[in-house]
Amino acid sequence: MENLVQIALQNVNLAAIMPSLVLVCFGMGLLLINVFLPRGTTRPAVWISLVGIVVTAVVTVQGWGNPQYGFSDAVALDNFATFFNVTFLLAAALTILMSDDYLRREGYAVNEYYPLILFTTAGAMWMASGTDMMTIFLGLEVMSISLYVLAGFFRGQSASNEAGLKYFLLGAFSTGFLLYGMALIYGVTGSTRLTEIGAYLNSHSSLLANPMTLAGLVLLSIGFLFKLGAAPFHMWTPDVYQGAPTPVTAFMSAGPKAAAFAAFLRTLEYCFFGLKPEWSAMLWVLAVLTMTVGNVIAISQTNIKRMLAYSSISHAGYALVGLVAANEIGYSGVLFYMLAYTFMNIGAFAVLILVGKQGEENLTLEGFAGLGYKRPLLGVAMSVFLFALMGLPPTAGFAGKFYIFAGAVKAGYIWLAIIGVLNSAVSLYYYLRVMVYMYFRDPTEDYAWISLPVSVLATIILAVIGCLYLGILPNEVMAMAKTAIF
Amino acid sequence: MLDSYLPIITLIVVALGFATGSIIFSRLVGQKKPSEVKLAPYECGMPPVGSARERFSVKFYIIAMLFIVFDIEVVFMYPWAVMFKRLGMFGFVEMGVFILILLVGYVYVWKKGALEWE
Amino acid sequence: MYDKLWLIPFFPLVGSIINGLFGKRFIRNEAAIGAIGTGAVFLSFLVSCSCFFTLLNDPVKVHQQVVASWMTVGQLQVDWGFLLDPLSALMIMVVTGVGSLIHLYSIGYMHGEEGFYRFFCYLNLFVCAMLMLVLGNNALVMFIGWEGVGLCSYLLIGYYFEKKSAGDAAKKAFVVNRVGDFGFLVGLFTIFWTLGSQHGVWTLNFVEISENAHLLGFGGTVVTVATLCFFLGATGKSAQIPLYTWLPDAMEGPTPVSALIHAATMVTAGVYMIGRMNVLFAMSPTTMTVVALIGAFTAIVAASIGFAQNDIKRVLAYSTVSQLGFMFMAMGVGAFTAGIFHLMTHAFFKACLFLGSGSVIHAMHHALHHAHLDDDPQDMRNMGGLKKYMPITWATFGISCIAIAGIPPLAGFFSKDEILWWTFGSTRGNLLVWGIGAITAGMTAFYMFRCFFMTFHGEQRTHKKAKDHVHESPWVITVPLMVLAFLAVVGGFVGVPAALGGHNQIHHYFEPVFGHAQEVYKIGIKEALEHSHAAEYGLMGLSIAIAVIGIGIAFTMYLKRPELPGRFTARFSQLHRWVYNKWFVDEAYDVLFVNSTKKFATFCWKGFDVKVVDGVVNGTGKLVNVLSTALRYTQSGLLHNYALTMVLGTVVMVAIFLLQ
């Protein structure tokens, strides 16, 4: 007994969880401060949460090239986790910047919003640095529960309520699959630690064909696939993304999705490298299905928010291609793509927030008619984001897709790359339609209601810079992504 | 080996004996004036017959949830208390942090007015 | 000097950004906006000049400048790099030179338009993209330019976005171009993948691709398929059959746009691309034949359609398609130099023609506007006799018409004759192509002069009220016209063939680019003909004769004939019937020529254009839409359906895994 305690104590390494620790402290402090502020005073919360994110970012960056392991290898703050942590923090910061004015406009200037974003981010960080199934599960739940609340944050609006409830119920359902998968794997290998599972399966190769292992792998995957919105587990995304408050949608489709990719990637690579052909084949089919379903349905959408929701399904599909490739370029491509997608997606949603009137009345295509001429800056910014989403050079989307498809080609999945490129071509249709409305339709409105607050402007400018920087000089970030994978 | 279960068996026997004993005793010595309300299965709470789809005040849920949260914390404290000496200073600080987190929640709940019924 | 290459696309980019961001709110002044836009391109022109002349005197002909590394994937290294060789040097001279003139012209032409700043912003952005396209040292940089020019073309065609036709034309251009772009990408991918996986050369750099192209094997399937795909890309950008249909519609854009993008530069990108990849094309005789035949066929079909048009800009548009066909003919028979030579001369005279037509339209528009008439200012039936009002425009337009008709010693003669000579005498030549080319040359002379006579000569058909308001355009418009007309006169002298006592300098100039492929794959004038000047003289004489006949017919029909009926009617009543019916020549023409041409033209336009091309494009769209709507119904919004889908997905996945 004495030894056990000693071992446990030796293995505590707070440095390994320092970023999320700092973030959670800020979140709790914020929660506490908020209740002493008068109702409707949200500025301090915005500032404190931003400061929290910056401090966390500083702490996070310390971990680059200086991996920390702790809690008996249940947590690893390696380059991989750090890269993803930066992505999450960026997503959170951009989201917070664009939220305040939106929440005021919609009449929900409630302070709890900001701690919830911080908690979600902390959960995502645990997922990225979890090297034990229990840590990953813990992170997933912290992240998801906060997100359920955020999705239903507009509690007076039935659409938002519906989004929250649907996300919660289906999320709980998928968690069931995930846990069942974990239980089966634990049953086979007798461990929840990813590296130990991998080593055990490797040394007992007969177990690789064991139905229990395979079923465990499938169920585990389904839990993650649900979170990243891959077909056929994508059904929740359109309803939830459309119903949730717009900044939350932007955040959800960037940060938490990246977290799911992080955990999924680590699990596959640490535990199931022996089953690579099997899960590659499975993900091949799912990637094609996901890209196609997302794109094809997005075509017939006239509500831009919903269109972006479907398109986010297809983007998950592109990123899955990187997992299928399962090589250096593919994996680092996924890391790169999630970072790039954070910029372009949140940027597009930020423009959406400005154009949509109170109550989000103005999110149809017609609502963008002539925007490019009436508000040239917004028009240019939106064009950059749409270009990035389409995957045209010289934007981040192009570089991201280039790496991912190059990875697939290198791994010999030429057809997958071709299908991916074809899908990108299909996606041009509905992204371009927005541009057609922005530039080739007579303005029906004078867009006088659009005020451009500094914070939202900052979001948009940062996102544009991100999109262009990653598109024009992606090499440096890509080199970092390469050192981040295992 | 079975010796170690002796206290438990004793406890069970005493508990059963006390329960049945008191029911029998009250039957024997108590007065009986039955009325409709008294004969209903539960004297307080919900009427047992009727639609199950009734709306409860959300306050019930809040209280219930808060109860669970603050009740569960004790579960962590038992094993901690048992190992307290061996965990030493570190354990003390850890539990302090844990209590602090709960305290944040408690202050939040209190200031939000979730503990007030009206 | 070569380290300044990046400045060439950089200046227009800066100009575009300045005008785009500050033009509306802060600068406002048209002169300042115009000066920034024109100045930016002119600065590029100066840098281009110094690069060009440095290269001319430099024994080393291929220079690359890497500005920054772009992407690294495994052994593949893609840079933000520029390539200066004789081919790109000539292209940047044409783009920035003609571009500066057209920018200058635009200051006058776009005067008073609402989105003046927007126009210059797009136009500068276009020049930047075009320069990236021609200067890129690898396929990806080229592709950025390729997409960029497409985008700017789209924005500029739809410049008058309040007009529905303009928006539709812009969309059509974009959609048709996407088909071509797809071909380009597939071709690129094929080459990249084959070179990489089978020969271990992972590269997108043009110089390296050319050096390693021989690994693919002469006439091999891979190289044929890839070059055909590239050619599909070229047909989209350069408006060749079957993807030419967008170009005439693109005339919805302002005239300077038509001159710069849809005549001088962007549409020649396809020709440039073949020139850039000449080694690959030389390796596939099949593709070369296809290129030559498609070029020839496009040339004649477009020329025939040009007969039937009354809109001055549409005539020029079909003429552009036809001339581009000539360039592809040249590329297809291995006359790479002649093709690029014609690209250059065509840029001069066609830009001049477009700008001249713009000057006319400008004048007509103001006159009609002044007289409160809504006649179409672009319809040649409303013009005629404009010579006395617009002498400079008349002169420059006339010079360019002579140049395009191929009358010596103007520029068009030398380049066109070089092309015809190669179609006839090259080892990859083809008598059919030569025949079509020669006939088309005659047709070109005819319809260009028809256009010239209808616009500037003969009876003045402009409404009386508007007549006196027609004026010559201001100097910002006429100066570019004069410069371009001058170039259309002298531009051909760099390529005077040996048979005429020249040195064919342009041939030597391009030797470092095309010489290798022509030597290795034995492309050149057949030995029997190589030293026989007689054959060359004969062909020259023939092509001059054809051009003269074309002009003559136009002259008779559109200048002479209108006066004839009046005199004849009075004197010979019997003969009158014949004369009234113009000796029934018109009827004969109608039956033999005009009607069938009209029908053919109508068929080409209505049948092919509308039904086949649009049908395919729209059909695909419809199919996807139907599929999309059907799939949308799966998204019922019902939670239990969603859960059921998840369960079904799980069951299927588990089953597949366990049963395999």
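Two strands pair if DSSP finds at least two bridges between them; helices (H or I, at least four residues) and strands (E, at least two) are DSSP runs, numbered from the N terminus. This is a predicted model, where local features need pLDDT of at least 70, side-chain atom pairs count only at pLDDT 80 or more, and totals for chains, interfaces and linings use all residues. Residues are numbered from 1 along each chain as its sequence is written, while chains are lettered from A and ligands numbered from 1 in the order in which they are written.

**Exercise 1. Describe the hairpin of E1(C) and E2(C).**

Step 1: Find the pairing. E1(C) and E2(C) are antiparallel and share 9 bridges.

Step 2: Look at the turn. There are 2 residues between the strands, and Gly74(C) has a positive phi near 60°. Val73(C) lies opposite Leu76(C) of E2(C).

Step 3: A residue is buried if 20 or more other C-beta atoms, placed from the backbone, lie within 10 Å of its own.

**Exercise 2. Work out how H11(A) and H14(A) are arranged.**

Step 1: Recall the method. Two packed helices are described by the angle between their axes and the distance between the axes. Axes are lines fitted to C-alpha atoms, for helices over the stretch in contact, and angles run from 0 to 180 degrees between N-to-C directions.

Step 2: Read the values. The axes of H11(A) (residues 246-271) and H14(A) (residues 328-355) come within 8 Å and cross at roughly 170°.

Step 3: Classify. Angles over 145 degrees count as roughly antiparallel, and H11(A) and H14(A) are therefore roughly antiparallel to each other.

Step 4: List the partners. Two residues are in contact if their C-beta atoms, placed from the backbone, lie within 7 Å. Among those in this contact are Phe261(A) of H11(A) and Phe349(A) of H14(A).

Step 5: Sort them. Ala, Val, Leu, Ile, Met, Phe, Trp, Tyr, Cys and Pro count as nonpolar, Asp, Glu, Lys and Arg as charged, and the others, Gly among them, as polar. The contact of H11(A) with H14(A) has 14 nonpolar, 5 polar and no charged residues.

**Exercise 3. Meet chain B and its contact with chain A.**

Step 1: Chain B has 4 helices and 0 strands. Of its 118 residues, 0% count as buried.

Step 2: 10 residues of chain B touch 7 residues of chain A. On the chain A side, H2(A) gives the largest share, 4 residues.

Definitions and conventions: A residue is buried if 20 or more other C-beta atoms lie within 10 Å of its own, exposed if 12 or fewer, and partly exposed in between; C-beta atoms are placed from the backbone. Angles under 35 degrees count as roughly parallel, over 145 as roughly antiparallel, 65 to 115 as roughly perpendicular and the rest as oblique.
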